[in-house]
Amino acid sequence: MSVLKPGLNCMGIYEADSNAVLVDACDYYRAFYHTALAARSYLLLAGWQFDSEVKLLRGEEEKAAGEVRFLQFLNALCQTNPSLQVYILAWDFSAVFSLEREWFQNIIFNWSGNERIHFRFDSVHAYGATHHQKFVVADGVVAYVGGMDICSSRWDDRRHMRDNPLRADVDGTRYGSYHDIQTYHTGEVVGVLLELFRQRWIDSGGAPLKLPQAGALTPRFPANALPLPAGEVALSLTVAPAPQTIQRKVGEIRRLFVDAIMSAEHLVYLENQYFSSQAIYWTLVARMTLPDRPRLQIVMMLPDRLPLTEELFLGLPQMKMIRSLQQVAEKTGHQLSVYSSAEMDHGNRKMTFIHSKLLAIDDRFLTIGSANATNRSMGLDTELNVSWEASEPEDPLVPAIRRLRASLLAEHAGLYGLEEEEKFENVENLTRHLECLADDHEARLCRYQADPTLEKSDWPDALEPIARVVDPEQPLDSEFLFESITKSELGSFAKGIFKLSQMMIGL
């Protein structure tokens with residue numbers, strides 16, 4: 001059953017000379033560093049967040065390089081190359097995130113940076129939405145797409161060591177291990193991404209980009225990248241129209257997830273920061289309840305814990321959905337396994353935070369991008385995913401996707417090396433192998449556990465109406481607000497606000 005359908009679940013399928021997957025920010029930041037060094041005409045960067053001081057290289061690589069701090073690195077490039085133009089487009093974040101963001105970025109980037117570094121905040125979006133796409137285009141020759149932002153507290157390598165002195169921000173603040181994924185592309189698809197950036201820059205209120213003629217950048221295949229031998233790649237979007245633009249609503253990613261899951265014959269593998277999407281939940285239910293289809297192994301990798309407010313508003317529907325899916329799987333004979341990755345440290349679990357957004361089906365279909373498995377990403381926030389689909393069982397893309405999936409699972413289990421990764425390739429015994437690892441306290445793979453505080457308290461009923469407002473699938477205006485919260489729930493809504501204020505005061 002073919003998944004990709006241009007005009008329905010993707011904007012198009014485009015030629016690609018090379019494709020690869022970069023796992024974790026150590027490898028992506030390094031790849032971006034070397035691509036930027038080679039750029040001769042322009043760098044285009046769109047993201048949810050950027051920080052001026054984040055280091056692109058660490059350890060011995062940093063010692064051997066020149067300036068590696070993001071903004072100072074870009075300054076040095078512009079000073080060395082008088083033809084280089086840099087355009088950075090960042091979401092103009094909500095006040096909710098103000099304590100987590102670098103302040104005065106307009107001044108930092110536009111006034112302390114080189115005059116050819118152009119930074120814009122993008123506030124032109126649907127009510128309640130965020131601009132969540134994360135992609136880079138260099139000289140119209142190389143592009144990166146995925147879930148990674150170049151910002152603080154994201155850098156880590158694939159070992160996810162419990163104590164890694166390199167996993168620290170410039171002020172010395174240590175943070176926990178962090179997992180994410182980005183993709184690499186050359187070929188026709190880069191030009192399409194270039195046009196997406198051009199349009200988004202204009203929609204944000206910027207003047208049309210007058211980009212210099214592309215330079216003679218020679219693509220450098222990233223170190224440690226996992227290649228995907230495919231001559232084509234699809235692009236899919238989520239766009240909720242902003243009132244001040246003529247954008248049209250685009251729900252390609254939502255349809256992509258639905259079509260991909262319904263096509264599954266053997267295996268659904270999902271890595272995501274969240275799991276609260278009604279569309280994905282009901283698609284899994286529908287696929288498991290079809291009587292004439294093969295039984296599935298459904299494997300999910302999720303963070304064990306979310307930050308407090310996210311745990312309250314997104315952890316609640318996630319907990320309910322997973323519990324319900326487990327019941328459906330038991331009744332229908334499918335296997336559903338939900339895991340996290342963590343190390344034991346004196347009796348405490350030290351989690352690797354899963355930030356990646358990946359879905360693989362039967363090792364023949366793969367999508368990676370910025371879209372979370374949330375209602376917001378399916379219909380409200382601005383999202384971008386790339387996808388590949390094998391044309392036949394003998395397509396070399398199939399073993400490449402299988403190797404990627406096996407490599408990711410081995411990483412989550414804390415097992416390294418080709419021999420260890422090969423143990424995860426066999427689909428037939430995959431769940432059995434994962435369950436054995438989850439029983440082994442030496443392995444990092446562990447069964448997902450909902451927050452026991454959330455389960456045992458009376459918060460869920462009080463917070464559920466707020467959760468629907470935090471994670472909607474359509475623009476958040478007054479009409480939607482009153483439609484989504486019934487009169488009988490207004491008391492619970494007020495109670496939830498009161499409880500939340502009590503908790504925040506207590507912090």
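Two strands pair if DSSP finds at least two bridges between them; helices (H or I, at least four residues) and strands (E, at least two) are DSSP runs numbered from the N terminus. The model is predicted: local features need pLDDT of at least 70, side-chain atom pairs count only at pLDDT 80 or more, and totals for chains, interfaces and linings use all residues. Residues are numbered from 1 along each chain as its sequence is written, and side-chain values use heavy atoms, with hydrogens and water left out.

**View 1. An open sheet of 8 strands with mixed pairing.** The strand order is E5-E4-E3-E6-E7-E9-E2-E10. Strand E5 (117-122) and strand E10 (226-227) are the edge strands, and each pairs on one side only. Strands E2 (residues 18-23) and E9 (residues 181-186) run antiparallel and are joined by 6 bridges. Leu22 stands opposite Gln182 in E9.

**View 2. Trp48 and Trp91 form a stacked aromatic pair.** The structure holds 16 aromatic pairs. Rings of Phe, Tyr and Trp (its six-membered ring) pair if their centres lie within 6.5 Å; planes under 30 degrees apart count as stacked, over 60 as edge-to-face and the rest as tilted. The Trp48 and Trp91 rings are 5.7 Å apart centre to centre, with 20° between the planes. Trp48 lies in the loop between strand E3 (42-47) and helix H2 (59-64) and Trp91 in strand E4 (residues 85-91), so the pair ties together parts 43 residues apart in sequence. Trp48, at 12% relative accessibility, counts as buried, as does Trp91 at 3% (buried is under 20% relative accessible area, exposed over 50%, partly exposed in between; 1.4 Å probe, protein chains only).

**View 3. Phe135 and Phe197 form an edge-to-face pair.** The centres are 6.2 Å apart, with 80° between the planes. Phe135 lies in strand E6 (residues 135-138) and Phe197 in helix H5 (residues 188-203), so this pair ties together parts 62 residues apart in sequence. Both Phe135 and Phe197 are buried.
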